[in-house]
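Subject: Structure handover

Hello,

Here is the structure for you to look over. My notes on it follow below.

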Amino acid sequence: MKISVVGTGYVGLVTGTCFAETGNTVFCVDNNAEKVRKMQAGQITIFEPGLDILFDRNINQERLKFTTNLAEGIEDAKIIFLALPTPPGADGSADLKYVLQVAEELGPLLKDYTVIVDKSTVPVGTAELVRAKIALGANVPFDVVSNPEFLREGVAVEDFMKPDRVVIGTSSERAKEVMEKLYAPYVRQGNPVIFMDERSAELTKYAANAFLATKITFMNEIANLCEKVGADVDDVRKGIGSDSRIGKRFLFAGIGYGGSCFPKDVQALSKTSEEYNYDFKMLNAVMDINEKQKTKLLPKLNAYFNGQLEGKTIAIWGLAFKPNTDDIREAPALYNINALLEMGAKVNVYDPEAAENVKKLDGR
């Protein structure tokens with residue numbers, strides 16, 4: 001099957017590469033000419049364990065190709081994935097300008113029935129907006145489908161090739177058949193493909209990330225309480241994680257969540273709630289607690305040095321928001337580095353993958 005993926009960021013490149021791995025011909029489109037030249041030359045542009053092997057193999061077998069030309073990239077494609085950035089706007093809502101701009105450009109380029117898939121994390125109702133933009137210039141039938149990704153950085157290849165579930169939002173039987181055929185190789189072990197309406201699929205992604213962020217935040221609050229009462233948070237974690245209703249994952253206490261998804265998605269879901277006149281108190285509390293948790297260790301450090309951090313050398317091991325990634329977006333380490341520098345401390349840092357990305361910030 002010929003597939004196009006518009007956007008070659010983290011989600012787009014993993015998506016395109018993994019679809020090529022099962023025999024599809026995939027054209028990835030990006031407006032960053034330098035990035036496209038690198039990928040055409042066989043240079044992978046993100047760090048993700050195991051992705052480089054699939055990337056090299058599918059380029060060599062000519063199943064994975066790259067272009068800056070949208071018309072070229074979508075020619076003869078049965079499915080077009082939109083894997084474009086949806087950064088938070090000034091008010092916290094997801095900015096859809098990139099998604100809607102490409103959607104409008106797609107309309108006149110479609111030559112036959114095509115399924116357009118929102119792979120980006122987008123607010124409820126986006127599929128309808130995308131459909132309206134495409135319809136402005138389209139002269140052929142098409143369907144817009146919501147298919148949120150649930151990739152964990154560091155194990156994204158495994159998550160894509162062997163997903164816990166595949167969520168597809170569509171009201172079209174024709175689109176459903178196309179998507180079932182596409183995902184059949186990935187769910188042979190019986191993991192479910194769950195079909196629902198577009199709005200439910202859009203909300204499912206936000207709900208999943210918001211729940212996980214809440215779970216992390218709850219455990220951080222338990223850790224803070226453990227310090228007060230003299231309990232060991234690791235023992236508490238083992239005690240509650242053994243309960244199958246709770247589960248063992250996302251129970252490790254730390255200095256808050258970061259990354260490209262949780263902060264943005266929790267904020268966007270809170271904003272959506274506001275737009276529908278619903279006061280989602282729990283999400284607001286999660287964001288407030290997490291913001292404070294990021295620099296939770298600094299008062300302890302400052303107290304240890306009797307408030308005299310100026311001139312002290314502090315080492316930070318780990319810069320990415322989690323292991324096995326070079327992603328420093330909203331990484332708690334950055335908040336601590338900035339605060340320590342403001343206090344006059346010298347900071348030495350190390351990360352096997354993310355150090356170069358940090359060096360690019362402010363020339364550090």
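Accessible areas here come from the Shrake-Rupley method with a 1.4 Å probe; for residues, only the protein chains shown count as cover. On that basis the protein exposes about 18300 Å². Carbon and sulfur atoms supply 52% of this area.

Some ground rules. This is a predicted model, where local features need pLDDT of at least 70, side-chain atom pairs count only at pLDDT 80 or more, and totals for chains, interfaces and linings use all residues. Residues are numbered from 1 along each chain as its sequence is written, and side-chain values use heavy atoms, with hydrogens and water left out.

Overall fold

The protein has 15 helices and 10 strands. These are DSSP runs numbered from the N terminus: H or I with at least four residues for helices, E with at least two for strands. The radius of gyration is 22 Å, close to the 21 Å from the globule rule for 364 residues, so the protein is as compact as a globular protein of that length. (The radius is taken over C-alpha atoms; the rule is 2.2 Å times the number of residues to the power 0.38.) The C-alpha trace spans about 70 × 45 × 40 Å along its principal axes.

Of the 364 residues, 47% count as buried. Buried means under 20% relative accessible area, exposed over 50%, and partly exposed in between (1.4 Å probe, protein chains only). Take the contacts with a separation of 6 or more: residues 24 or more positions apart account for 75% of them. A contact means heavy atoms within 4.5 Å.

Aromatic pairs

A search of the whole structure finds 11 aromatic pairs. Rings of Phe, Tyr and Trp (its six-membered ring) pair if their centres lie within 6.5 Å; planes under 30 degrees apart are stacked, over 60 edge-to-face, the rest tilted.

One of them is F55 with F66, a tilted pair at 5.8 Å centre to centre and 40° between the planes. F55 lies in helix α3 (residues 51-60) and F66 in strand β3 (residues 64-67), so the pair ties together parts 11 residues apart in sequence. Both F55 and F66 are buried.

F160 and Y186 form an edge-to-face pair, 5.5 Å centre to centre with 85° between the planes. F160 sits in helix α7 (residues 156-161) and Y186 in the loop between α8 (173-183) and β8 (193-196), so this pair ties together parts 26 residues apart in sequence. F160 is buried at 5% relative accessibility, and Y186 is buried at 4%. Ring pairs link F160 and Y186 with F19, F81 and Y183 into a cluster.

Best regards
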